[in-house]
Amino acid sequence: MKHTTELTVRDDFTIDQPLHLYTETDHEVWRSLYARQTALLEGRACDEYLAGLHHLDMGHERVPVFEELNQKLMAATGWRIVAVTGLVPDAVFFEHLANRRFPVTWWVRAPEEMDYLQEPDCFHDVFGHVPLLINPVFADYMQAYGEGGMKAEHLHVLPMLARLYWYTVEFGLIQTDNGLRIYGAGIVSSKTESIYALESEVPNRIGFDLTRILRTEYKIDDVQKTYFVIDDFDKLMSDTRQDFTQMYLNLDGLSTFKPTDILAQDRVINKGVTP
Ligand SMILES: [Fe+2]
């Protein structure tokens with residue numbers, strides 16, 4: 001995380017985007033990442049993501065001005081992005097999502113972190129997450145997730161719900177008429193994973209199954225061992241629309257699945273191979 005002592009952080013953890021703190025190196029990193037990923041994502045990212053990216057027209061030369069993106073975003077789906085200094089507490093994050101505000105980290109990774117960094121930066125948050133917020137169904141899904149998160153926190157079942165976010169919003173794949181495509185922000189913002197997620201024989205690719213996902217562990221420091229594939233965003237929304245309270249009770253105390261597991265019940269699209 002960058003040095004941020006001169007920034008005024010509000011009670012909801014937001015700040016004004018400090019445009020004066022971006023260096024030419026920051027803009028160069030943004031430019032390189034933007035060029036690299038847009039070239040890779042043609043034919044790999046789903047149409048909804050690419051349409052959102054096109055609609056936002058966030059510019060490839062310099063780090064975007066968040067308020068300019070907000071004009072397009074708010075007109076499309078009523079969402080807006082708010083600048084933050086890094087990860088915010090879960091309760092704060094959910095409250096923002098439930099009110100159609102997506103917190104984005106203001107700072108850009110260092111040049112030596114082009115291929116991997118552990119915490120989300122501006123490129124991951126803006127390039128990865130914001131294009132799909134232009135899509136009305138996905139926009140509703142994200143708000144519903146925020147509302148569900150507030151409830152899950154109250155019920156002390158956050159680890160279960162966090163797996164749904166991980167395997168959809170961050171690392172989701174979608175089946176299309178043209179084959180598998182990417183929609184997860186963790187994939188679209190990563191060179192390595194946008195190739196690996198679709199083309200590697202190593203990971204499992206399994207049809208979306210809500211209760212199965214709520215029990216499936218994940219690793220945060222490596223490419224995924226399993227991807228869950230949705231049929232479309234409407235189906236994702238309808239599959240997750242119900243109140244999860246009874247499901248949490250049913251799953252309480254049951255064992256979790258390893259990221260590499262394949263179960264008899266799974267709708268297997270690709271069975272991974274051990275590297
Ligand atoms: Fe993310």
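Two strands are said to pair if DSSP finds at least two bridges between them. In this predicted model, strands β6 and β7 meet that condition, with 4 bridges in the parallel sense. One of the residue pairs involved is Arg-205 with its bridge partner Tyr-227, which lies in β7. On β8, strand β6 (residues 204-207) has an antiparallel partner, and this pairing rests on 2 bridges. Here Ile-206 stands opposite Val-268 of β8.

These pairings belong to an open sheet of 5 strands, whose order is β5-β4-β7-β6-β8 and whose pairing is mixed. The edges are formed by β5 (179-182) and β8 (268-270); each has a single partner strand, so one side of each is left without a neighbour in the sheet. On average, neighbouring strands are turned by 35° against each other, direction ignored. Helix α9 (residues 191-199) packs on the sheet, where it touches β4 (173-176), β5 and β7 (226-230). The direction of α9 makes about 155° with that of β5. In a regular strand, side chains alternate between the two faces of the sheet.

A contact between two helices was also examined. The axes of α4 (residues 90-98) and α6 (residues 136-155) come within 7 Å and cross at roughly 145°. This crossing of α4 and α6 is left-handed. On the α4 side, the contact is made by Asp-90, Ala-91, Phe-94, Glu-95, His-96, Leu-97 and Ala-98. On the α6 side, the residues are Met-142, Gln-143, Tyr-145, Gly-146, Glu-147, Gly-149, Met-150 and Glu-153. By residue type, the contact of α4 with α6 divides into 7 nonpolar, 4 polar and 4 charged residues.

Helix α5 was considered next. A residue counts as buried if 20 or more other C-beta atoms lie within 10 Å of its own. By this criterion 8 of the 8 residues of α5 are buried, so the helix is largely enclosed by the rest of the structure. The buried residues are Cys-122, Phe-123, His-124, Asp-125, Val-126, Phe-127, Gly-128 and His-129. Among the elements that cover them are α1 (24-41), β3 (101-105) and α8 (185-188).

In the unreviewed UniProt entry, the annotation "binding site" covers His-124, His-129 and Glu-170. These residues are spread over 47 residues of sequence, yet they cluster in space, with a largest C-alpha distance of 10.1 Å.

Two of the annotated residues were described individually. His-129 lies in helix α5 (residues 122-129). It is classed as buried because 22 other C-beta atoms lie within 10 Å. With neighbours within four places in sequence left aside, His-129 is in contact with Phe-102 and Ala-185. Glu-170 is placed in helix α7 (residues 158-170). Glu-170 is likewise classed as buried, because 21 other C-beta atoms lie within 10 Å. Not counting residues up to four places away in sequence, Glu-170 touches Tyr-165, Gly-184, Ala-185 and Gly-186.

How values were computed. Residues numbered from 1 in each chain as written. Predicted model: local features only at pLDDT ≥ 70, side-chain atom pairs only at ≥ 80, totals over all residues. UniProt positions renumbered as here; feature names shortened; annotations may be inferred. Buried ≥ 20, exposed ≤ 12 C-beta atoms within 10 Å, placed from the backbone. Contact = placed C-beta atoms within 7 Å. Axes fitted to C-alpha atoms, helices over the stretch in contact; angles between N-to-C directions. Left-handed = near helix turned anticlockwise from the far one by under 90°. Nonpolar A, V, L, I, M, F, W, Y, C, P; charged D, E, K, R; others polar.
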